[in-house]
Amino acid sequence: MTYSSDIEGIDALSASYNEIRKEIGNVIIGQEDVVKSVLISIFSNGHCLLVGVPGLAKTLLVNTLARVLDLSYNRVQFTPDLMPSDILGSEILGEERVFKFLKGPVFSNIILADEINRTPPKTQAALLEAMQEKIVTVGGTTYPLPRPFFVLATQNPIEQEGTYPLPEAQLDRFMFNVLLSYPSFEEELRVVKNTTANRQEELRKILNAEEIEYFQRLIRNVPVTDHVLEYAVSLAARTRPGTTLATEEVNKYLSWGAGPRASQYLVLGAKCHAAISGKYSPDIEDVQAVAEPILRHRIVRNYKAEAEGISVEQMIKRLL
């Protein structure tokens with residue numbers, strides 16, 4: 001697919017985004033902000049961590065997304081006995097008495113890592129190389145993953161027993177940490193009405209892998225002014241206690257701040273947020289629109305903040 005200019009491409013991206021949201025809305029009731037965050041992640045070539053209690057249509061959202069975007073999709077249920085080879089694949093002895101590699105479920109465009117915090121660190125780490133480098137190394141051989149490649153992981157915030165919290169290094173690989181809330185009464189009414197009737201929703205395919213890759217490259221071409229760039233970098237820098245840009249509250253309530261990857265994602269997320277909104281360059285409001293899900297899992301409160309009931313979200317709002 002080719003467009004005569006980047007401006008024409010951004011117009012096409014904005015139109016496609018609205019079509020995708022409308023199509024997903026036929027299946028997923030409500031959760032507009034969640035859908036928006038997931039789509040920004042995809043167009044920015046990032047990954048997304050969804051945090052919410054069971055029954056909020058996390059799996060259905062990913063499945064619906066894969067169908068609308070015409071991408072290959074695999075779901076992996078993470079359990080305490082899951083092994084890295086269950087995700088990456090393994091070498092088996094073939095009929096010719098030669099070892100050959102049998103690809104695991106990670107070899108698809110969209111991976112749903114369901115309840116990622118229920119598996120030990122050894123298996124969680126198996127996804128690290130795939131998420132960052134978009135390759136898998138098994139038995140000394142490197143295999144490229146299909147493009148685009150996108151990991152959407154879910155996590156249950158209320159289940160503590162038998163869980164293994166994700167290490168900071170792995171959390172940092174996720175562009176967004178999105179909280180799912182309960183639906184409103186009216187939305188739940190529509191959900192129950194739709195899911196308890198004999199109704200099958202036919203979904204249109206809006207984009208394909210080639211078009212998504214084009215839009216991912218287009219997002220990086222979006223120009224950004226110096227003052228917006230400086231705002232994004234200073235926002236991330238202000239979360240780091242003990243540094244020159246840290247505020248008094250940050251020094252008081254945070255033990256750890258966001259790293260440079262947060263600055264990169266703030267700029268990329270702002271570019272994408274501007275593009276899907278029909279703008280050709282991001283402004284400070286676009287950075288602020290994506291700041292909370294990008295910073296939420298990258299800053300760590302200290303005991304004082306926890307004792308005083310100050311949440312991560314409150315700290316981010318004060319920094320904005």
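Figure 1. Asp 70 is partly exposed, with a relative accessible area of 40%. In the terms used here, buried means under 20% relative accessible area, exposed over 50%, and partly exposed in between, for a 1.4 Å probe and protein chains only. The model is a predicted one, in which local features need pLDDT of at least 70 and side-chain atom pairs count only at pLDDT 80 or more, while totals for chains, interfaces and linings use all residues. Residues are numbered from 1 along each chain as its sequence is written, and side-chain values use heavy atoms, with hydrogens and water left out. Asp 70 sits in the loop between α3 and β2 (73–77). Helices (H or I, at least four residues) and strands (E, at least two) are DSSP runs, numbered from the N terminus. The phi angle of Asp 70 is near 55 degrees, a positive value in a residue other than glycine.

**Figure 2. Glu 115 in the loop between β5 and α5.** Glu 115 is found between β5 (110–114) and α5 (121–124). Its phi is near 55 degrees, again a positive value in a residue other than glycine. With a relative accessible area of 21%, Glu 115 is partly exposed.

**Figure 3. Thr 64 within helix α3.** Thr 64 belongs to helix α3 (residues 58–68). Its relative accessible area is 0%, so Thr 64 is buried. Contact means heavy atoms within 4.5 Å. Not counting residues up to four places away in sequence, Thr 64 touches Ile 24, Val 27, Ile 28 and Leu 203.

Figure 4. The bond from Arg 147 to Pro 148 is cis, and its omega is near -10 degrees. Pro 148 lies in the loop between β7 (141–144) and β8 (150–155).

**Figure 5. Ser 44 and Asn 45 in the loop between α2 and β1.** Ser 44 is placed in the loop between α2 (32–43) and β1 (48–51), and Asn 45 lies in the loop between α2 and β1 as well. Ser 44 counts as buried because its relative accessibility is 3%, whereas Asn 45, at 28%, is partly exposed. Leaving out residues up to four places away in sequence, Ser 44 touches Met 175, Leu 268, Gly 269 and Cys 272. With residues up to four places away again not counted, Asn 45 touches Lys 134, Phe 149 and Gln 216. The C-alpha atoms of Ser 44 and Ile 219 are separated by 6.7 Å, although these residues are 175 residues apart along the chain. Asn 45 and Glu 213 are 168 residues apart in sequence and 8.5 Å apart in space, C-alpha to C-alpha.

**Figure 6. Leu 268 in helix α12.** Leu 268 is part of helix α12 and counts as buried, at 10% relative accessibility. Apart from neighbours within four places in sequence, its contacts are Ser 44, Ile 219 and Arg 220.

**Figure 7. Helix α12 along its length.** Helix α12 (residues 260–276) has 17 residues and reaches 25 Å from its first C-alpha to its last, close to the 24 Å expected at 1.5 Å a residue. The expected span of a helix is 1.5 Å times one less than its number of residues. Of the 17 residues of α12, 15 are buried, so the helix is largely enclosed by the rest of the structure. Just after α12, Gly 278 takes a positive phi of about 85 degrees.

**Figure 8. Helix α10 and its crossing with α12.** The end C-alpha atoms of α10 are 16 Å apart, which agrees with the 16 Å that its 12 residues should span at 1.5 Å a residue. The axes of α10 (residues 226–237) and α12 come within 8 Å and cross at roughly 145 degrees. The contact involves Leu 229, Ala 232, Val 233, Leu 235 and Ala 236 of α10, together with Ala 262, Ser 263, Leu 266 and Val 267 of α12. Axes are lines fitted to C-alpha atoms, for helices over the stretch in contact, and angles run from 0 to 180 degrees between N-to-C directions. The buried residues of α10 pack against α12, α13 (284–295) and α15 (312–319).
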